[in-house]
Amino acid sequence: MTNKAPMSNDQTGVAAAKREYDLEERTARFGESIIGFAKQIPKNPVTLSLISQVVRAGTSIGANYCEVDEAATNKEFKHRISLCKRESKETKFQIRMIVAAEPQLKEQGRILWQEAKELTRIFASILRKK
């Protein structure tokens with residue numbers, strides 16, 4: 001028997017370990033974090049389009065991942081995962097541009113950028129294994 005998550009007798013530990021590997025939940029929480037971040041960005045001619053783009057890219061990661069379970073073929077599965085990867089890479093880029101426009105958001109942006117980077121790596125790994 002192989003375990004994907006560490007075993008624990010403590011229910012909290014089991015729940016935390018399960019969440020760590022639940023990509024659907026992780027991508028949904030990431031999308032929610034992106035929305036919260038976007039609400040904090042001052043609106044001006046430079047940031048308006050960046051806000052729209054980061055929200056679109058950051059929330060579509062989870063939306064596309066939800067479609068992965070419905071993939072009828074391996075080709076469709078790969079396509080959906082590649083969309084997740086592409087959107088997570090775009091999200092990283094948009095966060096970088098937002099921080100360039102609004103440097104006071106650097107710390108929050110760094111945290112979100114790191115999560116987008118980790119998601120990109122996860123999706124790249126999934127693609128390599130399929």
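This is a predicted model: local features need pLDDT of at least 70, side-chain atom pairs count only at pLDDT 80 or more; totals for chains, interfaces and linings use all residues.

Residues are numbered from 1 along each chain as its sequence is written, and side-chain values use heavy atoms, leaving out hydrogens and water.

Now switch to cartoon. You will find five helices and zero strands (DSSP runs, H or I of at least four residues for helices and E of at least two for strands, numbered from the N terminus).

Next, select H5, residues 106-129. Which of its residues are buried? They are Gly 109, Leu 112, Glu 115, Ala 116, Leu 119, Thr 120, Phe 123 and Ala 124 (buried is under 20% relative accessible area, exposed over 50%, partly exposed in between; 1.4 Å probe, protein chains only). An α-helix has 3.6 residues a turn, so residues three or four places apart point the same way. Show H2 (23-40), H3 and H4 (74-101) too: their cover over the buried residues of H5 is worth a look.

Finally, zoom in on Tyr 65 and Phe 123, a tilted aromatic pair at 6.1 Å centre to centre with 40° between the planes (ring centres of Phe, Tyr or Trp, its six-membered ring, within 6.5 Å; under 30 degrees is stacked, over 60 edge-to-face, the rest tilted). Tyr 65 lies in H3 and Phe 123 in H5, so the pair ties together parts 58 residues apart in sequence. Tyr 65 is buried at 15% relative accessible area, and Phe 123 is buried at 0%.

Technical notes. Contact means heavy atoms within 4.5 Å.
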